[in-house]
Amino acid sequence: MNDIEIAQNAYLDSIDQIGKKVGLTENELEMYGKYKAKVNVIEKHRLNSKLVLVTAVNPTPAGEGKSTVTIGLGDALSQLGKKTMICLREPSLGPVMGIKGGATGGGYSQVVPMEDINLHFTGDMHALTSANNTLAAMIDNHIYQGNELQIDPRRILWKRVLDINDRALRHTVIGLGGPTQGIPREDGFDITVASELMAVLCLAADLDDLKQRISRIVIGYSYQRKPITVEDLGVTDAIALLLKDAIKPNLVQTLEHTPALVHGGPFANIAHGCNSVIATKTSLQLADYTITEAGFGADLGAEKFLDIVCPQLEKTPDTIVIVATARALKMNGGVSKEQLDVENVAAVQKGYSNLQRHIKNMKRYGVPVIVAINRFATDSDAELNEIIRLCRQNDQTQAIVTNGWAEGGKGVIDLANAVISNCNQEKHFNPLYDNQATIKEKIEILVKEIYGGKNVEYSNKAQKQIKTFEKLGWDKMPICMAKTPYSFSDDAKLLGAPSGFTIHIREFVPKLGAGFLVALTGNVLTMPGLPKVPAANGMKISNDGRISGLY
């Protein structure tokens with residue numbers, strides 16, 4: 001059976017029963033049908049749960065299965081009698097309808113109800129889209145109605161958003177049609193998960209913090225080059241009230257009935273790539289083990305979790321799991337996608353350089369590291385054993401084969417035991433940089449210590465922005481790099497572990513509400529496009545409402 005058939009044939013516990021497993025009462029749940037619920041923000045003042053961060057090698061078209069391992073690990077820990085919760089991001093319709101697929105795991109390591117989570121779920125994405133576009137409408141209306149704040153239409157930063165990949169909307173002109181239709185200006189759309197409101201929602205501590213963060217969002221500049229904020233527009237509460245339900249974490253379950261919080265969905269290549277602080281803190285209060293994952297490879301999502309999220313979370317991981325596959329290493333070793341099913345130990349050895357750099361990067365934070373080798377049916381024992389050998393001999397790191405896709409939690413028991421052992425080890429967390437460093441110093445540390453690059457090249461626009469940000473006092477925030485996920489460099493074609501390259505910063509986007517500066521590198525896009533044959537082409541729904549072709 002494929003993923004959706006497995007999910008549709010599963011027996012689910014009612015969501016109130018799932019909540020009871022971790023001590024949630026009826027008053028702390030808001031039901032969205034029988035199998036989904038919002039969790040009212042709780043304060044049980046207990047943050048001694050073990051925190052496990054799951055990350056991965058750079059993604060490849062072959063697929064790595066990071067969510068599958070995350071979910072399987074949660075189920076395995078539950079099988080071992082540990083009170084466990086899983087924290088995941090919400091899927092975006094962009095990849096669901098495009099090429100990457102959903103974000104609910106696979107095989108017998110899934111969160112369910114799979115169709116609901118991958119589609120409209122509890123409406124969080126729609127709420128964020130509406131809130132973002134309400135703010136956009138308020139900006140253009142303010143200009144139309146006399147422009148008291150003297151907003152310069154040429155310097156508006158705030159874009160409209162849509163939760164689907166639509167390249168035709170990247171650059172638009174609005175306000176056409178005459179004097180009553182608004183003021184014509186250039187505009188554009190981002191995908192919803194790239195909205196600063198998504199980052200704000202995922203980093204806010206509570207509703208009051210959400211409001212404060214929204215108020216600080218810079219929407220653009222005046223004719224006098226003065227920053228204009230949401231607070232200046234006077235619509236902070238209007239935007240916040242549209243997110244009053246979206247800020248609450250969503251409770252679902254795995255196929256093995258392990259509680260899972262699925263909340264927030266920023267992409268790691270254009271945002272910070274982690275589920276909400278509120279969801280993770282909720283789990284840390286309720287469970288003995290909290291398993292969370294960061295988007296894309298460890299050079300993006302994990303780095304941002306460790307340097308941007310952890311200070312807000314006030315908790316650092318007790319262990320880090322890096323997901324790798326023989327297929328990914330073979331592709332990094334130069335094998336084409338069509339040849340990945342053929343045994344090639346030499347390519348595994350060559351492609352190991354990618355995994356090796358990720359291991360080194362994660363260890364520099366002072367946290368114990370384990371490699372999880374996600375087994376695919378075509379992997380040979382020789383390839384898997386070679387990865388284990390390389391990890392042990394070259395990097396003194398334990399590597400464990402997992403098979404959650406085929407076996408669920410049972411196939412991840414060995415990894416779960418290793419995680420328990422690692423979580424009891426002493427750790428001394430070391431952040432990558434001091435936020436008091438200059439913008440260029442922080443970026444140079446990122447490029448040299450995490451990516452393995454040599455130089456950073458800034459466009460004229462980026463150079464001018466740095467000077468402006470320094471004058472405004474915006475230079476003491478962490479850096480959120482927007483970069484291709486497929487390579488350590490900003491060139492998606494440079495696989496393996498390239499070195500000596502130059503990272504090109506074309507511009508910065510200040511995200512004062514989120515509390516970081518986004519550095520746009522290379523040709524990274526904040527509104528993706530659909531492939532030649534989108535996944536949507538294979539989706540069907542029968543007359544009785546049964547869905548197929550959704551992955």
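Predicted model: local features only at pLDDT ≥ 70, side-chain atom pairs only at ≥ 80, totals over all residues.
Residues are numbered from 1 along each chain as its sequence is written, and side-chain values use heavy atoms, with hydrogens and water left out.

The axes of helix α14, residues 345–363, and helix α15, residues 381–395, come within 10 Å and cross at roughly 40°, and α14 and α15 are therefore oblique to each other. Helices here are DSSP runs (H or I, at least four residues), numbered from the N terminus.

As for contact, meaning heavy atoms within 4.5 Å, α14 contributes residues including Y352, L355 and I359, which meet a set in α15 that includes I387, L390 and C391. The residues of this contact divide into nine nonpolar, three polar and five charged, where Ala, Val, Leu, Ile, Met, Phe, Trp, Tyr, Cys and Pro count as nonpolar, Asp, Glu, Lys and Arg as charged, and the others, Gly among them, as polar.

Turning to the cysteines, a search of the whole structure finds zero disulfides, a disulfide being a pair of cysteine sulfur atoms within 2.5 Å. The sulfur of C202 is 8.5 Å from the closest cysteine sulfur, in C274, which is too far for a bond. For C391, the nearest cysteine sulfur, that of C423, is 19 Å away.

Terms used: Axes fitted to C-alpha atoms, helices over the stretch in contact; angles between N-to-C directions. Helix = DSSP H or I, 4+ residues; strand = E, 2+ residues; numbered from the N terminus. Parallel < 35°, antiparallel > 145°, perpendicular 65-115°, else oblique.
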